[in-house]
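Dear colleague,

I am handing over the structure below, and after it you will find my notes on what turned up when I went through it. Please read them with the structure open beside you.

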Amino acid sequence: MNPTALLLAAFILSIAGLFAFIWSLRKGLFDADVSGARTIFNKGEIGRPEEPSAGEAQRQALSLAAADHLAENHGQQTSAVEMAAREQADRSSSLPAFLLIVCAVVWLVVASFAGLISSLKLHWPEFLGDVSWLSFGRLRTIHLNGVAYGWAPMGLLGLTIWMLPRLLQTPLLGGRLVIVGGLVWNAALVAGIGALAIGLNAGMEWLEIPWQIGVLFAFGGMMIGMPLALMLSQRKVKHLYVSVWYIGAALFWFPILYLVAKVPGVHFGVEQATMNWWFGHNVLGLFYTPMSIAAIYYFLPKVIGRPVRSYNLSLLGFWTLAFFYGQVGAHHLIGGPIPEWLITLSIVQSVMMVIPVLAFSANQHLTLKGHFSALRHSPVLRFIVFGAMMYTAASLQGSAEALRSLNSITHFTHFTVAHAHLGMYGFVTMVIFGGVYFALPRILNTAWPRPALISWHFWLVVAGFAVYMITLSIGGVLQGLALLDPTRGFMESVAVTMPWLQGRSIGGALMTLGHLVFALHVLLMVVKSGAFALTESRSETVRRTAELEV
């Protein structure tokens, strides 16, 4: 039998078994009345949007948009005991979450400038050409690692630590472990960036930092993830909301992925390349993606005051993500000297990722149905929904890009870079922005000082991202077609990308400007909150939280 047909048959059988398993556990796939979806709401909260970054007029408009769900409360009011418990949960996580988010913002600024200068060097090679650590090879690697191990994980872990007490309805346990783990992680990143700047590089994409330093990421991640294990036995909720599933899986997967990838003296030659892309794709699909989806499943329903439309679809998305993503990365090695069956397996799994993506996308659309007007009034929702849409686009594009026919054009081109930014920026980064705009007012007990800056931030990064994606995607396709044409020299494939690389720098400059607006706003908020914001009296924090809830 043809190996491709054999693999397809095996996957069809596996899919049938997976669906039978899920169906046996969760009957009524599209049943909207699932109590698990209401776990994140206290009694009387459904139909009452929660939007800390919105102004008074925006909150009133959101309340009108959610009025159709007020009837579900049947006159119920949130009790003072429940609000006090949530306040206690928020206070318990404030300091560790705040430290992680601040670190994320710092790394965002550092990585943004490294990325912008790297982009400029692609069409302006003499720019800062006399400084060795500012050469393209080093600076581009600093940008990648600043995003991959600075901005994205610190932002997601900060939001996770803040969400966990709310999701489990119990104060954070192990907060000191989070702080120590965060310090270990950031110390490793500072050392790793320094090593890259002086030319010490392990030579594998996403794994450039030497293992003697990088291993600290795994241990720091373990310490940051320990509170979940400590809190599960103390939780007050009977049902674990789907966000906890995604968070728990991501916190478990990352240390394993990183330790396996960085273990010294094991990976060599072709096997090393296979392992490299096994890690490179899995760290995106099994760490950044589940934590970002967990944030969407929490923040989107809270903002509109409406539970997830189909809770069973959310579980289907979780299990199929876990089931299909493991071997997706090998499609980056199409045409390389690795077994053909491994390439085919990767292509099949890449295409099968359509299942969790469509489950997630359909669920978000059904949840927002009838509430799309809320996008006009909620800054948080704009970032979150944009990120959710880009997750769908990036995943479907990735499934198509894994096919040999399309891969032959896009492989080794700037199109792959555009695709990576569609996932890591359009999806992950935008979700982090939305989560920070929701969580930071609760952490610091104060409103955002300049709400207009949130709109400036959103439109700057969306405009920059659009310019970046369009120009780099077009340039990548033209580059790929030139590489496939035997009548055209290699340098012609380089020259054809020049105007599109200039467009990429324009988009990158707009995004960097948006990041500076975001960082400035965070700084203004920290200054406004005062030095004792995280240790003020409980009565004062309850009063301020009540004001934000009105």
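This is a predicted model: local features need pLDDT of at least 70, side-chain atom pairs count only at pLDDT 80 or more; totals for chains, interfaces and linings use all residues.

**What was found**

Leaving aside residues up to four places away in sequence, T289 touches L284, L321, Y391 and F427. T289 belongs to helix α8, which covers residues 269-304, and with a relative accessible area of 6% it is buried, because the cut-off for that class is under 20%.

The mean pLDDT of the protein chain is 89, and 88% of its residues reach 70 or more. Over residues 535-550, however, the pLDDT is below 50, and this stretch has 19 contacts in the model beyond near neighbours in sequence, so please treat that part with care.

**Aromatic pairs**

The structure holds 38 aromatic pairs, and two of them are described here. In the pair of Y246 and F318 the ring centres are 5.2 Å apart and the planes stand at 85°, so the arrangement is edge-to-face. Y246 is in helix α7 and F318 is in helix α9 (residues 311-324), so this pair ties together parts that lie 72 residues apart in sequence. Y246 is buried, at a relative accessible area of 2%, and F318 likewise counts as buried, at 9% relative accessibility.

The pair of Y425 and F465 is stacked, with 5.7 Å from centre to centre and 20° between the planes. Here Y425 comes from helix α14 (residues 414-444) and F465 from helix α15 (residues 451-484), so the parts tied together are 40 residues apart in sequence. Y425 is buried, with a relative accessible area of 8%, and F465 counts as buried at 5% relative accessibility. Both residues also belong to a cluster linked by ring pairs, whose members are W151, F383, F386, Y425, F433, Y437, W448, F458, W459, F465 and F518.

**Cavities**

The count comes to 2 cavities of 30 Å³ or more. The largest cavity holds about 50 Å³ of space, and its lining is made up of H331, H332, E401, N407, T410, H411 and T416. By class, that lining divides into 6 polar residues and 1 charged residue, with no nonpolar ones.

The second largest cavity holds about 30 Å³ of space and is lined by L157, G221, L251, F254, P255 and F287. Its lining has 5 nonpolar residues, 1 polar residue and no charged residues, and the largest share of it, 3 residues, comes from helix α7 (residues 242-262).

**Backbone points to check**

Which backbone angle sets L128 apart, given that it is not a glycine? L128 has a positive phi, of about 50°, and its place is in the loop between α3 (80-123) and α4 (136-168). L128 is partly exposed, with a relative accessible area of 33%.

W206 also has a positive phi, here of about 75°, although it is not a glycine. This residue sits in the loop between α5 (175-197) and α6 (211-232), and at 11% relative accessibility W206 counts as buried.

With best wishes

Definitions and conventions:
Residues are numbered from 1 along each chain as its sequence is written. Side-chain values use heavy atoms; hydrogens and water are left out. On a 1 Å grid over the protein atoms alone, a cavity is a set of points where a 1.4 Å probe fits but cannot get out, and a pocket is an open set with protein on both sides within 12 Å along at least five of seven lines; lining residues have an atom within 4 Å of a point. Grid points are joined across faces, edges and corners, and a volume is the space filled by probe spheres set on the points. Ala, Val, Leu, Ile, Met, Phe, Trp, Tyr, Cys and Pro count as nonpolar, Asp, Glu, Lys and Arg as charged, and the others, Gly among them, as polar. Helices (H or I, at least four residues) and strands (E, at least two) are DSSP runs, numbered from the N terminus. pLDDT is the predictor's confidence in each residue, from 0 to 100. Contact means heavy atoms within 4.5 Å. Buried means under 20% relative accessible area, exposed over 50%, partly exposed in between (1.4 Å probe, protein chains only). Rings of Phe, Tyr and Trp (its six-membered ring) pair if their centres lie within 6.5 Å; planes under 30 degrees apart count as stacked, over 60 as edge-to-face and the rest as tilted.
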